[in-house]
Amino acid sequence: MTIDAARPGFSTTVAELRLRTWLLGPGQPMDVIDLFTDAEFKVVVDDRADVHINSRDGRLYLGWFPDGRPGTDGEGWTLAVTGTADAPGYRVAFHRETPAVVVAAAVSRVLATSARTARG
């Protein structure tokens with residue numbers, strides 16, 4: 001895009017903006033939930049139909065809250081990893097309208113970077 005400094009204001013064309021379509025809407029939560037296996041993770045569906053997934057060691061947590069996490073402003077997904085004595089953990093939250101494939105990409109990366117310890 002070029003700017004003509006001789007003419008004040010903003011002027012452009014649709015072609016110069018290169019308009020795009022973007023992935024919107026929550027999609028299918030199973031795109032995320034299917035990443036977890038029974039052998040490695042415990043899945044619980046509670047009385048509100050919220051889904052809670054924990055690693056067997058209890059250090060990874062994923063929560064899916066289809067109607068929003070209670071006490072939040074539309075939080076739909078929570079991913080948390082507990083830290084250790086040497087490194088702090090972290091928590092990532094996604095709005096319930098965040099596309100499930102975006103959440104799945106983040107969760108996939110976390111799972112791909114995990115490894116069993118020598119004791120496990």
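In helix 3, the buried residues are Ala100, Val103, Ala104, Val107 and Val110. Seen down the helix axis, these residues fall within an arc of 125 degrees, so they line one face of helix 3. The arc is taken from the directions that run from the helix axis to the C-beta atoms. Here "buried" stands for under 20% relative accessible area, "exposed" for over 50%, and "partly exposed" for what lies in between, with a 1.4 Å probe and protein chains only.

A word on the model before going on. It is a predicted one, in which local features need pLDDT of at least 70 and side-chain atom pairs count only at pLDDT 80 or more, while totals for chains, interfaces and linings use all residues. Residues are numbered from 1 along each chain as its sequence is written, and side-chain values use heavy atoms, with hydrogens and water left out.

Helix 3 covers residues 100–112. Its 13 residues reach 18 Å from the first C-alpha to the last, close to the 18 Å expected at 1.5 Å a residue; the expected span is 1.5 Å times one less than the number of residues. Helices (H or I, at least four residues) and strands (E, at least two) are DSSP runs, numbered from the N terminus. On the other side of helix 3, Arg109 and Ala112 are exposed. The buried residues of the helix pack against helix 2 (30–33), strand 3 (60–64), strand 4 and strand 5.

### Strand 4 and its partners

Strand 4 (residues 75–81) is mostly covered, with 7 of its 7 residues buried. Strand 4 pairs with strand 3 in the antiparallel sense over 5 bridges, and with strand 5 in the antiparallel sense over 6 bridges. Two strands count as paired if DSSP finds at least two bridges between them.

Val81 counts as buried because its relative accessibility is 18%. Leaving aside neighbours within four places in sequence, Val81 is in contact (heavy atoms within 4.5 Å) with Arg59, Leu60, Gly89, Tyr90 and Val110. One of these, Val110, is among the buried residues of helix 3. The C-alpha atoms of Val81 and Gly58, which are 23 residues apart along the chain, are separated by 8.9 Å.

Thr78 also lies in strand 4 and is buried, with a relative accessible area of 2%. Its side chain makes polar contacts with the side chains of Arg69 (3.2 Å) and Glu75 (2.3 Å). A polar contact is a pair of N or O atoms within 3.5 Å; within protein, one must be able to donate a hydrogen and the other to accept it, and residues adjacent in sequence count only if both atoms are side-chain atoms. Beyond four places in sequence, the contacts of Thr78 include Tyr61, Leu62, Arg91 and Val92.

Phe94 lies in strand 5 (residues 90–95). Phe94 and Thr78 are 16 residues apart in sequence and 6.5 Å apart in space, C-alpha to C-alpha. With neighbours within four places set aside, Phe94 is in contact with Glu75, Gly76, Trp77, Val103 and Ala106.

| Residue | Relative accessible area | Class |
|---|---|---|
| Phe94 | 15% | buried |
| Thr78 | 2% | buried |
| Val81 | 18% | buried |
| Ala49 | 40% | partly exposed |

### The hairpin of strands 1 and 2

Strand 1 (residues 41–45) and strand 2 (residues 51–55) run antiparallel and are joined by 5 bridges. Phe41 has Ser55 as its bridge partner in strand 2. The hairpin has 5 residues between its strands, and Ala49 sits in that loop. Phi of Ala49 is near 75 degrees, a positive value in a residue other than glycine.

Phe41 also belongs to an aromatic pair. Rings of Phe, Tyr and Trp (its six-membered ring) pair if their centres lie within 6.5 Å; planes under 30 degrees apart count as stacked, over 60 as edge-to-face and the rest as tilted. By this rule the count comes to 2 aromatic pairs. In one of them, the rings of Phe36 and Phe41 have centres 4.8 Å apart and planes at 85 degrees, so the pair is edge-to-face. Both Phe36 and Phe41 are buried.
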